[in-house]
Amino acid sequence: MSRESFESVVHRELPVLYRVARRLASNGSDAEDLVGNSLLLAAKAWTSFDGRHPRSWLLRILKNEYLGTIRKRSSRPEVALDDILEPSEEGFWQEVSWKAVGNNILTELDQLPEEYRLAVTLCDIEEMSYEDAAEAMEVPVGTVRSRLFRGRRLLRARLVGVVDGLEPQQEVTL
Amino acid sequence: MNLHGSDTLRAPCPYMEPLLQQTADGTAFRLMKWYAMFHVSGCVHCRTYLERLEETLAKLQEAREAEQVPEDVLKRLEQGAWRSIQ
């Protein structure tokens, strides 16, 4: 069976790449640069790619490119994942005013630490399987699950306004 | 009916949370899902937790549908520098 061309993979995956980049980068222009640079790297590596799970492969390149960019730029203090506030139980039970939130749910998602944001974006927005997300994130499936579950709880807590200790674009280390 | 005999909402049963998360996102298999649904039918805490999760995930999907990728951006990226490598 002949392998799909890089061009057709790019054509198919571009919307996903851009949407994920938009969740990682702080604005549309940075997201476009991030996708452009990632595609350049992917084009160079295409001949050595085994052809399996191209979406996960491209997203892995995108994620690494993003991490490289923020490491170069950032002078912000790094925060360990364990130091991130755990949402209170109260956050689960309060009603969200969806009328007030509207499409700002993505804005609230953007405030989560990157690891949680990425897990929620890949699994809940792009509807990738835990396995494919794990490949893209380069972590075990169990780690995807725990980040996803905690990310959803944090998002819910933000939506009802019970977590205000997370700063936007806070850099997190493992 | 409430398995825990309390009307005050609290966190879901700790051993149920992963199952509820997977039920909400549709990755729980048949028996797992059956067990989760059996449990939530008698546990108001877990039922509320599942409802809240499902609601949040549905809103994320709605937001995705509403957020269009700009056509001009897609065009630029399609014609980007990566083509020089091909």
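This is a predicted model: local features need pLDDT of at least 70, side-chain atom pairs count only at pLDDT 80 or more; totals for chains, interfaces and linings use all residues.
Residues are numbered from 1 along each chain as its sequence is written, and chains are lettered from A in the order in which they are written. Local features need pLDDT of at least 70 and side-chain atom pairs count only at pLDDT 80 or more, while totals for chains, interfaces and linings use all residues.

**Exercise 1.** Describe the elements and the domains of chain A.

Step 1. Chain A has 9 helices and 2 strands; helices (H or I, at least four residues) and strands (E, at least two) are DSSP runs, numbered from the N terminus.

Step 2. Read from the N terminus, the order is α-α-α-β-α-α-α-α-α-α-β.

Step 3. The domain assignment, which is automatic or from a database, gives domain 1 (6-73) and domain 2 (79-163).

Step 4. Between these domains, 11 residues of domain 1 are in contact with 12 residues of domain 2; contact needs C-beta atoms, placed from the backbone, within 7 Å. On the domain 1 side, α1 (6-24) and α3 (54-73) of chain A each supply at least two residues.

**Exercise 2.** Work out how α3(A) and α8(A) cross and which residues meet there.

Step 1. Two packed helices are described by the angle between their axes and the distance between the axes.

Step 2. For α3(A) and α8 (residues 130-137) of chain A, the axes come within 7 Å and cross at roughly 35°. Axes are lines fitted to C-alpha atoms, for helices over the stretch in contact, and angles run from 0 to 180 degrees between N-to-C directions.

Step 3. The crossing is right-handed, with the near helix turned clockwise from the far one by less than a right angle.

Step 4. Among the residues of α3(A) that meet α8(A) are Arg55(A) and Lys63(A), and the α8(A) side includes Asp132(A) and Glu135(A). By class, this contact has 3 nonpolar, 1 polar and 5 charged residues.

**Exercise 3.** Follow chain B to the place where chain A touches it.

Step 1. Here 30 residues of chain B are in contact with 29 residues of chain A.

Step 2. α1 (17-25), α3 (44-66) and α4 (71-78) of chain B each give at least two residues to this side, and α3(B) provides the largest share, 11 residues.

Step 3. Look into α1(B): its buried residues (20 or more other C-beta atoms within 10 Å of their own) include Leu19(B), Leu20(B) and Ala24(B). The buried residues of α1(B) pack against α9 (141-159) of chain A, and also against α2 (30-40) and α3 of chain B.

Step 4. Just after α1(B), Gly26(B) has a positive phi of about 85°.

Key:
Two residues are in contact if their C-beta atoms, placed from the backbone, lie within 7 Å. A residue is buried if 20 or more other C-beta atoms lie within 10 Å of its own, exposed if 12 or fewer, and partly exposed in between; C-beta atoms are placed from the backbone. Ala, Val, Leu, Ile, Met, Phe, Trp, Tyr, Cys and Pro count as nonpolar, Asp, Glu, Lys and Arg as charged, and the others, Gly among them, as polar.
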